[in-house]
Amino acid sequence: MRGYTLQEPNKKNPTASACKGAKYRLELDMWPHFTVSGEEVLGERGKDSVIFMHDIGWVTDCDTMRYHHHMPVEENTNYILMSYAYWKRTGDKSLIVKHKDTIVKALRFLELSDTTGNGVPDEGMSNTIDDASPALQFGKEQVYLAVKTLAAFWASCEMLEGLVESDQLAKYFLRARKILQRLHEQGWKDDHFVTVLDPAYEGVYDAWSQEFIPGPLPGWDAAHIYTTNGLVLLDMVGASLGLDHRKICQDLQVALERCLVKYGCCHSDYFSAQEDAAGEGGNIMGNKRGWISMNVARDITAFYRGLDFSHLCERYWEFQVVTNTQGPHLFFESFNGNNLMTYPRGVAIFGYYDAMAGLFIDVPGRRLGLQPLHSKVKVPVLLYADWDKGICPMVENGELRDPHGLLPDWVSPL
């Protein structure tokens, strides 16, 4: 990892040291206004908690969630991790201070969603992967959501420091340690992380059919591409959760090999001969379904670990070309199932730049690291771009280059 000296700010370039993310605050500032009581999922037990809505309207109406069901653990962790990453990448903590009470109540829901005491949520597990197998959509103690919950509690220990009592932070830390222990003890099988930690759970709730699915869930031990989904934002700010690095790398490679189909990787390597996965709206979907942006997010975590998955871009692009020759679909997210077209999630591809450079930026900690995937990586550092002038720092030939003086004062190449 190439290091950069950390210096006290000076007056030479004050705008570079200031928050560069003011224009990106809007969603984080708006979303807390679209929360509901945790009672909607947990009953009276959840009255002191909140759930972030999955969406906030339909077409031109911005009023309330229009999706079929809540995705409590997923969306609560999403908000917390996005808030953490925004703070670390910009130095702007004002939104965390402003929405502290909502964040604490979202964390409270994550605590309450664990009914066994092992730290891992087993309620409120329905998520947005709505054409995956039942194990990956609804399974209790999913690895995917366990990692995101671990990350949320871990990040909260830092982002809420000075804003809540120290014993509350200690409780978050202990809960994060419990989840980490559970993942290490129960999550690994042979050469990959499983989909669900405990296959014995009975009565898994199908949020589409509103029926209970008897256990054990088929595909509970399948390899899948979502283990590292909760790590993407942490990688961008140089944070580590303590997950076994060797196992994470092996899991990424094994899932790639087993889940790869024509246009990218499908959700998991569990394929039902009866095609019994629920799918959006309860519709039966074909096997080998996958989402492009979720492939991209997986690739980003691979890049940060020195694994080059960039050749998969040809598959993603080919899918966009094929679909757009058949109509004006713009970015078409899903293959072999959902018709998620004209979707905004394709912007995830911009994360390739920092990831291929191995670039992390932590403004409050005044840390910046660089470890390019290979010597030919040449990418822009978009966080510090001057969009009006069309210029930005670059990573090129293993070096961070800033001929226009756009980087913060405290970053000085060795």
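## Basis of the model

Residues are numbered from 1 along each chain as its sequence is written, and side-chain values use heavy atoms, with hydrogens and water left out. Because the model is predicted, local features need pLDDT of at least 70 and side-chain atom pairs count only at pLDDT 80 or more, while totals for chains, interfaces and linings use all residues.

## Helix H4

Helix H4 covers residues 72-90, where helices are DSSP runs of H or I with at least four residues and strands are runs of E with at least two, numbered from the N terminus.

Just after H4, glycine 91 has a positive phi of about 85°.

## Salt bridges

The structure holds 19 salt bridges, each being a side-chain nitrogen of Lys or Arg within 4 Å of a carboxyl oxygen of Asp or Glu. In one of them, lysine 88 pairs with glutamate 158, with the closest N and O atoms 2.6 Å apart. This pair joins distant parts of the chain, since lysine 88 belongs to helix H4 and glutamate 158 to helix H8 (residues 143-159), 70 residues apart. Lysine 88 counts as buried because its relative accessibility is 3%, whereas glutamate 158, at 27%, is partly exposed. Lys88 and Glu158 also belong to a network of salt bridges that includes Asp362 and Arg367.

Another salt bridge brings together the side chains of arginine 175 and aspartate 114, at 3.1 Å from N to O. Arginine 175 lies in helix H9 (residues 166-186), and aspartate 114 in the loop between helix H6 (100-112) and helix H7 (134-138); both residues are buried.

## A negative surface patch

Glu39, Glu40, Glu44 and Asp48 form a negative surface patch, and patches of this kind are made of residues with over 30% relative accessible area and no salt bridge, like charges being joined within 9 Å. Glutamate 44 is found in the loop between helix H3 (39-42) and strand E3 (50-52), and this residue counts as exposed because its relative accessible area is 61%.

Key: Patch = residues over 30% accessible without salt bridge, like charges linked within 9 Å, V, L, I, M, F, W, Y side chains within 5 Å. Areas by Shrake-Rupley, 256 points an atom, 1.4 Å probe, with all protein chains shown as cover. Lys, Arg positive; Asp, Glu negative; His and termini not counted. Charge placed at Lys NZ, Arg CZ, Asp CG, Glu CD. Buried < 20%, exposed > 50% of the residue type's maximum accessible area, 1.4 Å probe, protein only. Expected span 1.5 Å × (residues − 1).
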